[in-house]
There are 2 protein chains.
Amino acid sequence: MSTVNHQILLVSRPQGEASVDNFKLVEQPLPTVNELADGQVLVKHNYLSLDPYMRGRMNDSRSYADPQPLNAVMLGGTVGEVVLSKHPKFAVGDPVLGMGGWQEYSLVDAHVRGAIHKVDTRHIPLSAYLGAVGMPGVTAWYGLVKIIAPKAGETVVVSAASGAVGGVVGQLAKARGCRVVGIAGGADKCQYVVNELGFDACVDYKAHTDPKSLYAALKEATPNGIDGYFENVGGAILDAVLLRMNAFGRIAMCGMIAGYEGQALPMQNPALILVSRLKIEGFIVSEHPEVWPEATQELGAMVAKGQMKFKESVAEGLASAPEAFLGLLKGKNFGKQLVKLS
Amino acid sequence: MSTVNHQILLVSRPQGEASVDNFKLVEQPLPTVNELADGQVLVKHNYLSLDPYMRGRMNDSRSYADPQPLNAVMLGGTVGEVVLSKHPKFAVGDPVLGMGGWQEYSLVDAHVRGAIHKVDTRHIPLSAYLGAVGMPGVTAWYGLVKIIAPKAGETVVVSAASGAVGGVVGQLAKARGCRVVGIAGGADKCQYVVNELGFDACVDYKAHTDPKSLYAALKEATPNGIDGYFENVGGAILDAVLLRMNAFGRIAMCGMIAGYEGQALPMQNPALILVSRLKIEGFIVSEHPEVWPEATQELGAMVAKGQMKFKESVAEGLASAPEAFLGLLKGKNFGKQLVKLS
């Protein structure tokens, strides 16, 4: 086993766009088993998850969570295996899911509720616990099932459709008998969403930079209007969708990645909320832990049976994390963005 | 009894702002009792209700209701008394509520469900059935009780607070143990809202034309943030309120009068819906007839006991209706806008 742990710290906050200079790679000695306190385990990370919410944590502004502290390891979900243990319920070799952060190893107080979870990798790949069967999957499940609550025959639209959350939203909605339309950036992503994930249609927003053109494309893809919208993006896409929403439509507001870099992102015509009697609800999946058992059961079963497809963008090595993360913010990833650490 | 009925027709649609030229006063002969079909009654209107929703109907655009047809009598709620009847359940002299429109008399097919309602004027003044105990009151009740669902101790804010809907919202919220803050235009309206209606505070938006100043005034009036917001206005006021909303706040979107004349009214920072995990819901009271019995029972009891106060702006004579309506759109009314017809 290595005797050092590489870590990435947040060393400054972005002024406008985030950059690699906000991060710093450092090295720390690893503890030996004798240095572990009772209840602690050392986890070697196989994969680190990169997610849009991390951009919000880099700011020192009011948001739903405390900012990421400066000069501390960037937070993030991780999957790996136990390599040292002083906890009776965790054995060396156990595959685990945790919030290990941007580093190769994490020392975890395993008796803290929720700090670390053993996972079953017999039918579900380890990395899926960071994606379709993890936080992004449960995010998709909550917004679709609890906010949009679609009925068979309704039309559901999801933005960032080829991403870790969007792909799950669409497949869950298809399984419920909906017409499902994605919005994604680029012909390759749109083809994947339709041909691989089984969406009914996909609008390439990069091919429609003019609002009227975007609206026309969306109209063609949603001949019966839109009953449910899962929002990951905001901005011009939200404006176009609002114009297509049917009466009593529901919008699950999950992300506004288009504005994470500080751009103003006004909603051009909020009067449509009234005109179409819409319900819009913002949510953060971590505030709804009660749905995890039901959601992960459905998601895990679909993945195990091959009924839930997903794609991963894998960056190699911890040092690649900052660049991969900045790419994610610009939509350069294709599917769930991971960093492979070993 | 008169032999003629004066009516106001919509003769053209506004290009931008509505004007008196969009309306035309005409005269029609009144039917005699022998000209009534079985089931018909002739109602002489005492009061005509003027309401912001009418501006939306003047446009020929997509909205929640069909546009008002051209060269037809402007629609609107009316209270009056039966003067001729060929319906066994309606006697001459019965006080009734209906949708008689902008005219002095209306001929009603009284067997059509919902076309006309007898009302009890022993403890409640007739005109209140167009205000606190009528459509505006039930609108207030629905948005507050069914969407905002406030708990005692929470802070509820309502815009257009001295208006027919806003005043009821605030008094219902006070009765539920909330801190209630109004937003209104002008020192006199604010004084009325606090001193007469019993709100805890009121922000005069006309004294704060700069967004920062408006926000500061709202912050002072809502030291614990805002849990529920009843929206009648839109625009800069909505933007300021959004910045003060607490996590899990609820917004009942009832009206956007600031945009009824066609101005663009963007919401500057919709990302706050996500950051604060807000629920925003647009509604139209006429789509929720199931709440009328419960709502009017509470409202009627409060009015009868003097626990629900309201103010009326009364214009005299049918010919004054267009000007009074245009004034309402500019906030020139003070309380429920009525036209007295006899």
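Two strands count as paired here if DSSP finds at least two bridges between them, and the strands themselves are DSSP runs of E with at least two residues, just as helices are runs of H or I with at least four residues, both numbered from the N terminus. With that in hand, look at K279(A): its bridge partner in β14(B) is E281(B). This pair belongs to a set of three bridges that join strand β14 (residues 279-282) of chain A to β14(B), the two running antiparallel. As background, strands of a sheet pair through backbone hydrogen bonds, either parallel or antiparallel.

Before going further, a word on the ground rules. This is a predicted model, in which local features need pLDDT of at least 70 and side-chain atom pairs count only at pLDDT 80 or more, while totals for chains, interfaces and linings use all residues. Residues are numbered from 1 along each chain as its sequence is written, chains are lettered from A and ligands numbered from 1 in the order in which they are written, and side-chain values use heavy atoms, with hydrogens and water left out.

Now step back to the whole interface. Taking contact as heavy atoms within 4.5 Å, chain B and chain A each bring 30 residues to the meeting. Together they bury about 2500 Å², with 62% of it on carbon and sulfur atoms; buried area is the accessible area (1.4 Å probe) that two parts lose on being put together, summed over both.

The rule finds two salt bridges across this interface, a salt bridge being a side-chain nitrogen of Lys or Arg within 4 Å of a carboxyl oxygen of Asp or Glu. E287(B) forms a salt bridge with R277(A), and their closest N and O atoms are 2.3 Å apart. On the side of chain B that touches chain A, the elements giving two or more residues are β13 (245-253), α7 (271-275) and β14 (279-282) of chain B.

How do the two copies relate? Chain B can be laid on chain A with an RMSD of 0.1 Å by a turn of 180 degrees and a shift of 0.0 Å along the axis, where copies are superposed by least squares on the C-alpha atoms of residues with pLDDT of at least 70 in both. The two copies are thus related as by a two-fold rotation axis. The copies meet through the same surface, because 100% of the interface residues of chain B are also interface residues in chain A.

R250(A) forms a salt bridge with E154(A), the closest N and O atoms lying 2.6 Å apart. This pair links distant parts of the chain, 96 residues apart: R250(A) sits in strand β13 (residues 245-253), and E154(A) in the loop between α2 (135-148) and β9 (155-159) of chain A.

Finally, chain B holds an open sheet of three strands in the order β2-β1-β4, with antiparallel pairing. Its edge strands, each pairing on one side only, are β2 (23-29) and β4 (72-73) of chain B. Seven bridges join β1 (residues 4-10) of chain B to β2(B), and I8(B) stands opposite L25(B) in β2(B).
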